[in-house]
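Hi,

Here is the structure I promised to pass on to you. My notes follow below it, and I would be glad to have your thoughts once you have had a look.

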Amino acid sequence: MLRIFKTRETITKIQQRQISEFIIEKLIFLSGLASVLFVILIFVFLLKEGVSLFKTVSLKDFLIGKFWYPISDPPRFGVLPLLMGSLWVTLGAVLIAVPLGLGCAIFIGQIVPRSLRDYFKAGVELLAAIPSVVLGFVGLVTLVPLVRHLFHLRSGLTVLSGSLMLAFMAMPTIVSIIEDAFNAVPKSYREGSFALGATQWQTIYRVLIPAAAPGILAGVMLGMGRVIGETMAVMMITGNAAILPKSFFDPARTMTATIAAEMGEAVRGSSHYFALFAIGIVLFLITFLVNLVADFVLHRKK
Amino acid sequence: MKIKVEDLHVYYGSIHALKGISMEIRRNEILGAIGPANSGKTSFLRTLNRLNDLELHVRMEGQVLMDGEDIQKINVSLLRKRIGMVFALPLPLPLSIFDNVAYGPRMHGIHKKKELADIVEKSLKASYLWEEVKDRLSSSAFKLSGGQQQRLCIARTLAVEPEVILFDEPCSGLDPISTAKVEEAMLELKEKYTLVLVTNNTKQAARVSDRVAFFLMGELVEVDGTSKIFTNPRDNRTGEYITGRFG
């Protein structure tokens, strides 16, 4: 009696389970598909709008034109000052963030007493949680006057200020990836080196860093991707002048800042509007390339 | 007498891993350390070159004297140079064969090419690896077989010219032929160095050791000449372990 009852229950349960299984499977499939689809759609849209620019402006004028005067008559859409602005700011940020990040990762992972390690890690991760506009605001009122004062400039709104700010924003990414890379180095390398009488620093420098090199490079690349894509903070503190910067003490305007600042005023369907999309393509290609290289470096060893 | 251990206690957090070990290690002997898992023999070894210092929450009481000098008072890099170690798994560094052996000397400030080349050749010859690798010193150490890697690790240890060499189950991952070669190297090394061999293989301890120490649950049950331990041990538990009744 009991047995029959149980069997019947099981059959309906199995049917139910099959249905829910089916639904869940399809939902997961859809969400997986969606993420890929969105990327493709975004790129197609970007390409469609951006390429329209080249009906009125030649590719050459766009890529190597030295002037970005979108509302003069005739307008000039030279992306070079913006591209160079982005590259200068990024270069500066990387130069600051990489040594600092590497040192920080070594300190957190290898030197600080283990009981304090988690606090330092939390601190670095907290840095990532600060909204960029807040960082930009703080930078504007503290960093900008400081840079102006320190280097006796007329204005502190320079590439250097932007680089410093962005270096801080890239730090969490760089530190956590490099730290993971250090953790992935087999314990035996450390012990083997110590057992031969090498000191802590010798071990870090001669064994740990070479063994973690791919991870370190990946951290640097991903940090770089973050820096190039950052908009708000750089817009606030680099001076926003679309001229070719000649040094770290010149003001600059990045590609991202240009899009953010001008999108609102560009007439839809105008060359200006299309030009902003064309900048978007350039930006997309750069970040795509950086991520690709980072990915390649990170997975090469596996 | 090379090393004197006096009432040594080691704690990992709340675990009492070594409970009052007192013994002597004689110059130019091979001291075998045997005992079941968790008996403290590896902890003992890692205390001697202070590799235990790397562990979290480790605490040590008692004294270890090398040539009459407290090892806690010797600079730790210098101590580890004088007391080398060969690990259970052959673990070369991710470098070439040459650089693996030259790593230690370089860390201790030797940079002349000629001098390094001499040290590498001498060390590899002493660990019976030279003939097999002399034509490919610049290739990666990972390309060697397990047994060759272990002999490379021995060469690496010899290159810093230690006085004592600690072997932590050096043959646990090796086939019988490689094991024989490592043992042969050890017997040869005895002429110049003092060796401590931790092993799970009691037969190996019988083959190469001059004296054997039997560890059980953090205690040193007894230490005596090899033939005495294997034929007529003082403690019942030693006999039972050796004849395979436990452990």
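Domain bounds here come from an automatic or database domain assignment. For chain A that assignment gives domain 1 (2-53) and domain 2 (68-299). The C-alpha centres of domain 1 and domain 2 of chain A are 37 Å apart. Where the two touch, domain 1 of chain A gives seven residues and domain 2 of chain A gives nine, a contact being two residues whose C-beta atoms, placed from the backbone, lie within 7 Å. On the domain 1 side of chain A, the residues that touch domain 2 are four nonpolar, two polar and one charged. Here Ala, Val, Leu, Ile, Met, Phe, Trp, Tyr, Cys and Pro count as nonpolar, Asp, Glu, Lys and Arg as charged, and the others, Gly among them, as polar.

A word on conventions: this is a predicted model, in which local features need pLDDT of at least 70 and side-chain atom pairs count only at pLDDT 80 or more, while totals for chains, interfaces and linings use all residues. Residues are numbered from 1 along each chain as its sequence is written, and chains are lettered from A and ligands numbered from 1 in the order in which they are written.

Now chain A as a whole. It has 12 helices and two strands; helices (H or I, at least four residues) and strands (E, at least two) are DSSP runs, numbered from the N terminus. With a radius of gyration of 26 Å, well over the 19 Å that the globule rule gives for 302 residues, chain A is more spread out than a compact globule. That radius is taken over C-alpha atoms, and the rule is 2.2 Å times the number of residues to the power 0.38. Along the principal axes, the C-alpha atoms of chain A fill a box of roughly 90 × 60 × 35 Å. Of its 302 residues, 38% count as buried, that is, with 20 or more other C-beta atoms within 10 Å of their own, C-beta atoms being placed from the backbone.

In helix α12(A), the buried residues include Phe274(A), Leu283(A) and Val290(A).

Between the chains, 21 residues of chain B are in contact with 16 residues of chain A. The largest share of the chain B side, four residues, comes from α2(B). That side divides into 13 nonpolar, five polar and three charged residues.

Finally, β9(B) and β10(B) form a hairpin with two residues between them, and Met217(B) in the turn has a positive phi of about 45 degrees.

Best wishes

Definitions and conventions. Buried ≥ 20, exposed ≤ 12 C-beta atoms within 10 Å, placed from the backbone. Pairing = 2+ DSSP bridges.
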